Each structure stands twice: as C-alpha cells, then as structure tokens.
Amino acid sequence: MGGWAAAPWRLGGCSGRGGLRGAARRWGSSRPGAGDRAATLSDLLQSSVEAEEPGEAAARRERRCPREGTVLLFPGQGSQFVGMCRGLQQYPGVRDMYRLAEKVLGYDLLSLCLEGPRDALDRTQHCQPAVFVASLAAVEKLNHLQPEVVERCVAAAGYSVGEFAALVFAGALGFAEALYAVKVRAEAMQKASEAVPSGMLSVVGRREANYKFACLEARKHCESLGIENPVCTVSNYLFPDSRVIAGHLQALEFLQENARKYYFKRAKMLPVSGAFHTRLMEPAVEPLAEVLKSIEIQKPLLCVYSNVDGKKYMHSKHIQKLLVKQVVSPVLWEQTMHSVYERKQGTEFPYTYEVGPGNQLGAILKQCNLKAWKQYKHVDALEDEKAADT
C-alpha cells in the first residue's frame with residue numbers, strides 16, 4: 001500500500017505564501033519509498049484526461065458499466081460521537097493526519113474524538129474538524145480494505161462541512177489547507193451562533209405542508225415580540241416531506257407549538273447552537289472567504305457536487321465562491337442526490353459508500369432514491385471487528 005501515500009486526501013506541506021498547502025499531486029513521483037504502484041487516483045484520472053481527446057474520454061466513460069464506478073458521500077456536523085476513529089490508527093496515514101491536525105488546530109483532536117467529553121466534541125468549533133478528519137480516516141480504512149472502490153470513484157458529495165472532505169478526496173484542496181479552512185469556518189460559525197438565540201428544527205411534514213407560509217407566520221410572530229428583521233427559513237432539504245427550518249429560537253418554538261396547524265407530523269429541535277445555513281451566519285462569511293483566497297484550489301479530479309445548487313463544481317473559482325456562499329445558503333441535499341443518481345431508465349446504479357461517522361446520509365438516500373440505496377454501504381469511523389481479524 002506504500003504507493004498510496006500520494007493519494008489526494010493525504011497530507012500536504014507548507015507553501016511559500018505562509019499558508020498551508022497540499023502537495024498530494026506531487027508526492028507520487030518524488031516521495032522516497034513509494035512502491036511500484038505509485039499511480040494514485042489523481043495520477044490515473046489525470047493521465048486519462050491528458051492522453052485522450054474529450055470525445056474519446058466521453059466515449060470511454062459511456063462504455064463503462066455504471067456499476068463499475070463508485071460514489072462516496074461525506075457526512076456533516078451532527079454525525080460525531082465520542083469514540084469515533086478508535087482502531088483506525090492502524091491504517092496508513094491516519095496517525096499522520098491526527099498529528100498534523102493537532103498542529104493546525106492547536107489541540108489534541110484525536111483524544112477529543114476518542115475520549116470526549118461529549119459536550120466539548122459537540123461544540124461547532126470542534127465537531128466540524130472532527131467529522132472532517134474522521135471521514136478522511138474512513139477513506140483510509142476503505143482504501144486498505146477495498147482499494148478498488150477508491151480507484152473507481154467517479155463522484156463525491158459532502159453534507160455541509162463534509163463538502164470540504166469531498167474536495168480533499170477529489171484533489172481540489174490539500175488536507176492541511178482544507179482543515180485550516182474548516183477550523184476558521186467552525187470558529188466563526190460558533191461565534192455567530194452565540195450572538196443570537198437561534199437554532200434548527202427538524203420537520204417531517206404531510207403533503208399539505210407549506211413550509212414557506214409556516215416560516216412567514218413564524219417571522220410575523222417574532223415581529224410581534226419586538227424582534228427586528230427575524231429569521232426563519234428552510235435551511236436543509238433532506239428528502240421528500242423532510243426539511244430543517246432554522247432561525248430565531250422564538251420562531252422555532254412558535255412552529256413547534258403550532259405544528260398541527262402547518263401539517264407537520266413531527267417537529268423536533270436539533271442539538272445545535274445556531275441557525276446554520278441562514279443569514280444569521282453572515283459574520284462567518286468574511287473569515288472563510290479570506291482563508292479560501294489565500295490557499296490553492298484546483299479543479300477536482302472527479303465530479304464533486306455543491307450543496308448550494310446541487311450541481312458539479314466546474315473550476316477553482318467556482319469552488320471558492322460556493323464554499324463561502326454555502327455558509328448562508330440552504331443545503332440542497334435532496335436535489336444533490338437527484339443530480340448524482342440521475343440516469344436513463346434501466347441503467348444500473350453505482351455502489352455508494354458513506355465514509356465517516358454515522359449513517360444519516362444512507363438513511364436520507366433511502367428516502368430519496370430506494371434503488372440507489374440498495375447499492376449503499378457504510379464505512380464507519382470505527383474499526384470493524386471482522387476486518388480486524390482478517
């Protein structure tokens with residue numbers, strides 16, 4: 001497995017600009033001790049692009065059986081748990097990830113993941129980096145157990161902060177650079193969430209539910225309480241009839257109390273401290289934008305889909321712009337799943353792997369596309385007992 005030390009999700013060095021820079025694309029040929037199998041996912045994809053004319057590459061993809069390609073999904077905030085990544089340090093690169101993470105973050109992330117305390121791990125400023133690194137550690141596990149899955153990956157998507165991990169895996173961002181951006185993002189979002197009493201409400205509605213109307217009435221209720229310019233809006237589109245509504249706490253409490261009126265079958269507060277993916281996160285925009293301007297972003301080497309519009313990222317400036325916009329825009333996950341799995345009737349679905357803590361994205365995929373979900377597997381951020389015995 002030595003040749004995979006150059007894989008796109010692995011570690012980078014430092015740039016002359018003082019920022020953190022991923023050097024993954026260069027390590028395949030220069031790193032001492034790399035084995036004969038030095039062709040990484042980056043190398044394989046890059047060489048295929050350079051060797052073929054666009055028409056030839058398209059024809060080759062068309063001929064490939066859809067089942068041969070794989071899709072990786074990266075979870076977001078809320079999937080973390082104390083004990084995650086226990087046993088994964090045996091896989092190549094995972095210990096190095098956590099050593100570098102400690103330098104970038106300024107605290108021992110591995111100990112926090114393994115031992116908690118839970119309250120500290122659940123804080124936005126900690127859990128976003130924790131989920132980011134744990135997801136890429138799960139990729140290491142997957143690459144060790146089933147390297148062909150990683151080699152054949154044709155598309156990736158990440159939920160909220162998971163999008164950073166997806167972009168690192170796809171070679172668009174270096175590991176250290178992306179982790180630093182996640183650190184800044186998480187700290188800024190934590191600070192923004194503490195400025196205003198706000199939160200997020202998970203809602204499952206009946207077909208008659210009108211979310212926009214419900215949010216409008218909740219904002220009017222807030223205005224009647226003297227809250228100026230209140231926020232209450234859909235912040236996450238999960239699957240048909242399931243939304244997350246975020247905004248001022250008083251608005252969410254109003255919706256819970258009037259759930260039957262708005263045809264909500266279930267309305268449950270999420271254990272988060274802020275209204276993420278709404279304009280209440282605007283204070284986090286500038287710090288993240290400044291970081292992304294200072295680091296190197298390259299075009300992904302495979303399809304990565306944006307939360308903002310559910311479409312593929314096209315180039316580096318596109319990534320820089322939408323990663324910033326994502327902080328204050330709703331997560332269009334349901335729409336993203338439709339984009340990823342859209343295909344002609346009768347065409348087989350690819351194998352999908354959720355890499356990282358929790359299996360929430362698999363549960364959502366089941367509701368969005370049952371046929372695609374039948375090819376779903378979860379690669380947990382824990383050591384599998386059966387795998388450990390082999």
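The backbone nitrogen of Gly174 sits 3.4 Å from a polar atom in the side chain of Glu177. That is a polar contact, meaning a pair of N or O atoms within 3.5 Å; within protein, one must be able to donate a hydrogen and the other to accept it, and residues adjacent in sequence count only if both atoms are side-chain atoms. The side chain of Glu177 also reaches the backbone nitrogen of Glu296, at 3.0 Å. Glu177 belongs to helix α10, residues 175-195. Helices here are DSSP runs of H or I with at least four residues, strands are runs of E with at least two, and both are numbered from the N terminus. Is Glu177 buried or exposed? Glu177 counts as buried, because its relative accessibility is 2%. The cut-offs are under 20% relative accessible area for buried, over 50% for exposed, and partly exposed in between, with a 1.4 Å probe and protein chains only.

Before I go on, a word on the source. This is a predicted model, in which local features need pLDDT of at least 70 and side-chain atom pairs count only at pLDDT 80 or more, while totals for chains, interfaces and linings use all residues. Residues are numbered from 1 along each chain as its sequence is written, and side-chain values use heavy atoms, with hydrogens and water left out.

Now the chain as a whole. Its secondary structure comes to 18 helices and ten strands. Of its 390 residues, 54% count as buried. The chain exposes about 17,800 Å², and carbon and sulfur atoms supply 49% of that area; the areas come from the Shrake-Rupley method with a 1.4 Å probe, and for residues only the protein chains shown count as cover. Take the contacts, meaning heavy atoms within 4.5 Å, between residues at least 6 apart in sequence: 76% of them join residues at least 24 apart.

Next, a sheet. Five strands form an open sheet in the order β6-β3-β5-β4-β8, with mixed pairing. β6 (264-269) and β8 (331-332) stand at the edges with a single partner strand each, so one side of each has no neighbour in the sheet. Helix α11, residues 211-224, packs on this sheet and touches β3 (198-205), β4, β5 and β6. The direction of α11 makes about 150° with that of β4; axes are lines fitted to C-alpha atoms, for helices over the stretch in contact, and angles run from 0 to 180 degrees between N-to-C directions. Inside the sheet, β4 (residues 232-239) and β5 (residues 242-248) run antiparallel and are joined by six bridges. Two strands pair if DSSP finds at least two bridges between them. Val234 stands opposite Ile245 in β5.

The loop between β4 and β5 holds Asp241. Asp241 is not a glycine, yet has a positive phi of about 70°. With a relative accessible area of 31%, Asp241 is partly exposed. Tyr263 is another non-glycine residue with a positive phi, about 60°. Tyr263 lies in the loop between α12 (249-257) and β6, and counts as partly exposed at 40% relative accessibility. There is also a cis peptide bond, between Gly116 and Pro117, with omega about 10°. Pro117 is in the loop between α5 (109-115) and α6 (118-122). For background, most residues other than glycine have a negative phi, and most peptide bonds are trans.

Last, charged pairs. How many salt bridges does a search of the whole structure find? The search finds seven, a salt bridge being a side-chain nitrogen of Lys or Arg within 4 Å of a carboxyl oxygen of Asp or Glu.

One of them joins Arg99 and Asp96, at 2.9 Å, N to O. These two are separated by about one helical turn, because they are three residues apart in helix α4, residues 94-105. Arg99 is partly exposed at 48%, and Asp96 is partly exposed at 34%.

Another joins Arg118 and Asp122 at 3.3 Å. They are four residues apart in helix α6, so about one helical turn separates them. Arg118 is exposed, at 61%, whereas Asp122 is partly exposed, at 28%.

A further salt bridge is between Glu334 and Arg243, at 3.6 Å. This pair links distant parts of the chain, with Glu334 in helix α15 (residues 333-341) and Arg243 in strand β5, 91 residues apart. Both Glu334 and Arg243 are buried.
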